[in-house]
Amino acid sequence: ALSIGIVGLPNVGKSTLFNALSAAGAQAANYPFCTIEPNVGVVPVPDERLDKLSALVKPLKKIPTSLEFVDIAGLVRGASKGEGLGNQFLGNIRQVDAVLHVLRCFVDDNVTHVEGGVDPVRDRDVVDTELCLKDLETVEKRRERSQKNTKMGGKAGDEAKAELVVLDKVKAGLDSAITVRAQKLTSDERAVLKDLFLLTDKPVLYVANISEKQIGKEDSDPMVQRVREMAAKEGAGVVVLAAAMEAEIQQLPEEERPGFLESAGLTEPGLHKVVREGYKLLGLQTYFTVGEQECRAWTIHKGDKAPQAAGVIHSDFERGFIKAEVMRWEDLLKYGSESAVKEKGLLRVEGKEYVVQDGDCMHFRFNV
Ligand code: GDP
């Protein structure tokens with residue numbers, strides 16, 4: 001499963017957000033190194049379309065698709081040199097597919113700030129610098145190897161020389177604390193870096209963690225504005241939320257949530273935005289299977305063809321794929337049943353080359 005790592009300096013609200021997200025485990029406490037083990041939470045992806053389809057079909061089960069979040073422990077200044085939990089957590093970042101960077105925008109004198117005062121852009125720089133330093137180490141190690149290999153003759157030697165050019169370029173960027181994702185690299189250059197799993201090459205989404213008092217005033221909040229400007233420069237997204245309140249919302253019984261949200265001036269939990277944006281960041285999309293037994297959302301990559309989409313359900317479906325019956329979720333909702341959609345001529349039969357679209361309702365035919 002694809003996963004998103006939650007990073008940030010201590011006491012910015014990572015665990016609070018993670019707890020809200022997974023509503024499981026991980027104690028939030030006012031202490032820098034409390035989140036020692038990486039915590040993994042599987043979070044349902046909120047999807048109105050699935051809700052509507054389920055309301056129509058009334059299946060026995062409604063199963064949303066999910067996304068994995070990993071709470072990554074205490075990144076601090078000096079981490080790349082082994083400070084705090086040092087290298088241990090950096091390895092955890094290496095394994096995730098995208099990064100959710102939590103920035104503290106809330107002021108609370110009862111919550112210590114490890115860097116002295118609240119300054120989300122500085123915090124972001126501290127974290128990125130550590131990650132750049134770690135990447136620098138990785139790139140330098142590889143560089144040494146490539147350098148040795150340049151002495152080989154023939155194709156291997158040529159490849160090593162070409163590699164060295166890319167590594168030098170990336171190293172120069174990292175030396176000036178420019179993240180790999182912000183460096184303008186060609187796809188060939190990226191290919192050289194692929195198996196290095198560089199930390200600063202992962203797509204990033206920022207969370208501006210504000211206090212409850214700031215809700216509804218985000219647009220005039222100077223700290224939120226600074227975060228937005230900073231993120232815009234690198235083309236990254238920002239979700240603004242109050243982690244502490246998000247955690248509270250998750251504690252409430254389901255039926256009390258809408259009223260609570262309304263009184264807080266929210267139309268939906270901020271968590272929903274986090275999950276949706278994270279999903280987008282990873283280049284993921286959703287198709288549905290709709291039946292009386294279950295209505296279910298499935299995750300695929302943009303560009304996946306019908307057999308691959310079938311393979312998400314079961315590898316047999318992919319291997320034995322014959323064809324797929326496809327309709328748009330909007331059509332199913334509008335006409336009320338598959339047969340009605342068919343009568344309108346809107347039920348298509350698609351083959352192996354069909355690129356599945358976000359919001360397709362699929363029915364697969366396959367050999368076993
Ligand atoms: P982590 O070290 O980044 O995982 O931070 P935690 O989630 O453990 O939060 C550190 C402290 O900040 C805890 O006491 C939280 O209750 C508090 N905190 C987290 N989010 C908020 C928030 O939105 N508002 C306020 N006032 N406190 C928060």
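## A guided tour, from V368 to the cores

Start at V368, in the segment after strand 12 (360–366). Helices (H or I, at least four residues) and strands (E, at least two) are DSSP runs, numbered from the N terminus. Residues are numbered from 1 along each chain as its sequence is written. This is a predicted model: local features need pLDDT of at least 70, side-chain atom pairs count only at pLDDT 80 or more, and totals for chains, interfaces and linings use all residues.

**Stop 1: V368.** Is V368 buried or exposed? V368 is exposed, because 6 other C-beta atoms lie within 10 Å. The cut-offs: buried means 20 or more other C-beta atoms within 10 Å of a residue's own, exposed means 12 or fewer, and partly exposed is in between, with C-beta atoms placed from the backbone. V368 is in contact with both, leaving aside its neighbours within four places in sequence. Contact means C-beta atoms, placed from the backbone, within 7 Å. V368 and G320 are 48 residues apart in sequence, yet 5.9 Å apart in space, C-alpha to C-alpha.

**Stop 2: the ligand.** Select the 20 residues around the ligand; G13, K14, S15, T16 and A244 come nearest. To count, a residue's C-beta atom, placed from the backbone, lies within 6 Å of the molecule. Colour helix 1 (14–22) and helix 8 (243–251): each supplies at least two residues of this shell. Helix 1 gives the most, with three.

**Stop 3: N11.** Step to the loop between strand 1 (3–7) and helix 1, where N11 is found. N11 is buried, since 22 other C-beta atoms lie within 10 Å. Its phi is near 65°, a positive value in a residue other than glycine. Most residues other than glycine have a negative phi.

**Stop 4: A177.** Go to the loop between helix 5 (154–175) and helix 6 (187–193) for A177. A177 also has a positive phi, about 60°, and is not a glycine. A177 counts as partly exposed, with 15 C-beta neighbours inside 10 Å.

**Stop 5: the cores.** Select Y206, V207, A208 and V227. These have the most contacts inside the largest nonpolar core, which has 63 residues. Such a core is a set of buried Ala, Val, Leu, Ile, Met, Phe, Trp, Tyr and Cys residues joined through C-beta atoms within 7 Å. Domain 1 (3–45 + 65–115 + 202–281) and domain 2 (129–200) both give residues to this core, so it lies between them. The domain bounds come from an automatic or database domain assignment. Finish with F288, A310, C361 and F364, which are included in a second, separate core of 24 residues.

Notes:
Two residues are in contact if their C-beta atoms, placed from the backbone, lie within 7 Å.
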